[in-house]
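Look at the sequence and the model below.

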Amino acid sequence: MPHYPDAMPGSKSLFERAKKVMPGGNTRTTVFVDPFPIYAARGEGCRVWDVDGNVYYDCINNFTSMIHGYTHPDVAAAVVEQLPFGTAFGAPTLSEIELAELLVDRLPSVDRIRFTNSGTEGVMMAIKAARAFTGRPKIVKIEGAYHGSYDFAEVSLDSSPANWGDMPRSTPYAMGTPRGVLDDVIAVPFNDVEALRAVFAAQGDSIAGVLIDPMPNRAGLIPARRDYLRAIVEIARAAGTLIVFDEVISFRLGWSGAQGLWGIEPDLTALGKIIGGGFPVGAVGGRADVMAVFDPTRGKPALPHGGTFTANPVTMRAGLASMRALTKESFAHLDTLGAFLREGVSASFDRHGLAGQCVGLGSLFKVHFTSHPVTDYRSVYPGQAEHRRFDTFHKGLLGRGVLSASYGLFALSTPMTQADARSILHAIDDTLGEIAAQRGSG
């Protein structure tokens with residue numbers, strides 16, 4: 001198997017070349033690895049090859065977007081068939097109607113939908129729609145939850161013990177974030193009903209929407225409690241506040257996404273990733289009366305929205321083929337693989353006597369190097385020792401032919417078999433064994 005970084009001279013060379021034309025050799029912070037990232041050359045099924053010819057099980061799948069892995073025949077055929085007819089027009093096409101129909105059919109809470117170019121933009125337009133519909137300025141969001149790179153969605157993304165109080169403070173993620181942005185975002189702890197009630201008691205008449213990912217990746221991939229989601233609905237509806245579900249990632253959890261699993265019907269839903277079949281995509285959908293803020297048929301809408309490549313037919317055709325291939329049987333297969341790996345990783349921690357656990361649902365799981373209960377962002381906040389273990393874990397897996405996120409996230413794909421899952425688990429077990437041995441020798 002490849003040994004990182006010695007077996008990757010081609011990737012090292014490309015990174016040196018990249019540093020001459022991109023800041024830090026990087027155009028996407030999430031894929032940076034020190035001393036250099038692996039450069040992909042091609043993908044097929046559930047595997048990726050790097051430029052040095054090393055092969056990996058892809059367990060991040062472009063950060064959860066490639067639910068069918070690579071070169072799915074139906075998706076590839078849809079793209080090839082579209083190319084001779086054009087890739088983008090200053091006019092709508094039939095393809096966007098067909099994908100919209102499929103998504104509206106799968107999501108009972110969505111009467112109308114609009115496409116965007118990314119999940120970030122889908123979340124951004126959902127927040128703006130909540131403001132336009134309610135006439136209110138503020139948004140409530142979960143501390144540590146990632147919702148893309150829109151200023152308001154980034155607030156309190158990486159708050160730290162240095163600024164923690166009893167209640168989360170609205171802290172900037174990027175340097176230069178305006179004070180006004182922080183003033184209009186209220187961060188709350190995850191799965192804490194009483195904190196939410198307190199916020200609404202104090203500021204409910206100014207809150208446009210509650211932005212919630214029911215299983216927030218950066219906040220630990222901890223599933224929301226059902227009673228917590230029910231309380232959000234009760235509290236928000238009583239205040240005239242909209243419920244905004246970010247399902248950019250969690251839509252891969254089931255036929256009707258996470259909201260179908262939890263039995264919640266939000267007012268607005270942001271989508272992305274898997275609905276584009278491997279091409280840039282996003283969407284915002286929701287109740288017809290709320291989505292009417294985008295309607296231009298009676299003059300300037302309350303919320304104008306456009307995008308040069310929005311709903312381009314290549315993305316729409318690829319997305320339609322991908323979603324049609326994502327059957328209920330596909331979800332059952334992914335659920336089985338996910339449960340097998342979560343149980344196996346948890347058992348591996350126990351076997352090696354390591355502090356750690358594995359959380360998630362469906363095709364997603366995340367490793368935490370802690371043994372105390374994980375309930376929210378603060379409970380999984382990694383210290384220096386945990387950061388070192390994540391680095392060793394990630395690079396150890398690279399050396400054993402498994403590509404994952406550097407912070408312990410794994411996303412499975414439909415081409416994976418039970419045999420593939422056993423191989424992935426073996427690599428994880430070996431890597432955890434290596435970490436345990438290092439601890440013992442240290």
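The lining of the largest pocket divides into 11 nonpolar, 8 polar and 7 charged residues. Here Ala, Val, Leu, Ile, Met, Phe, Trp, Tyr, Cys and Pro count as nonpolar, Asp, Glu, Lys and Arg as charged, and the others, Gly among them, as polar. A pocket is an open set of points on a 1 Å grid over the protein atoms alone, where a 1.4 Å probe fits, with protein on both sides within 12 Å along at least five of seven lines; lining residues have an atom within 4 Å of a point.

This is a predicted model, in which local features need pLDDT of at least 70 and side-chain atom pairs count only at pLDDT 80 or more, while totals for chains, interfaces and linings use all residues. Residues are numbered from 1 along each chain as its sequence is written, and side-chain values use heavy atoms, with hydrogens and water left out.

The space in the largest pocket is about 1000 Å³, a volume being the space filled by probe spheres set on the points, which are joined across faces, edges and corners. Of its 26 lining residues, Tyr173, Arg218, His387, Ser406 and Tyr407 are the closest to its centre. Helix α14 gives the most to this lining, with 4 residues. Helices (H or I, at least four residues) and strands (E, at least two) are DSSP runs, numbered from the N terminus.

An open sheet of 3 strands has the order β11-β12-β14, with antiparallel pairing; two strands pair if DSSP finds at least two bridges between them. Both β11 and β14 stand at the edges with a single partner strand each, so one side of each has no neighbour in the sheet. Strand β12 is joined to β14 by 3 bridges.
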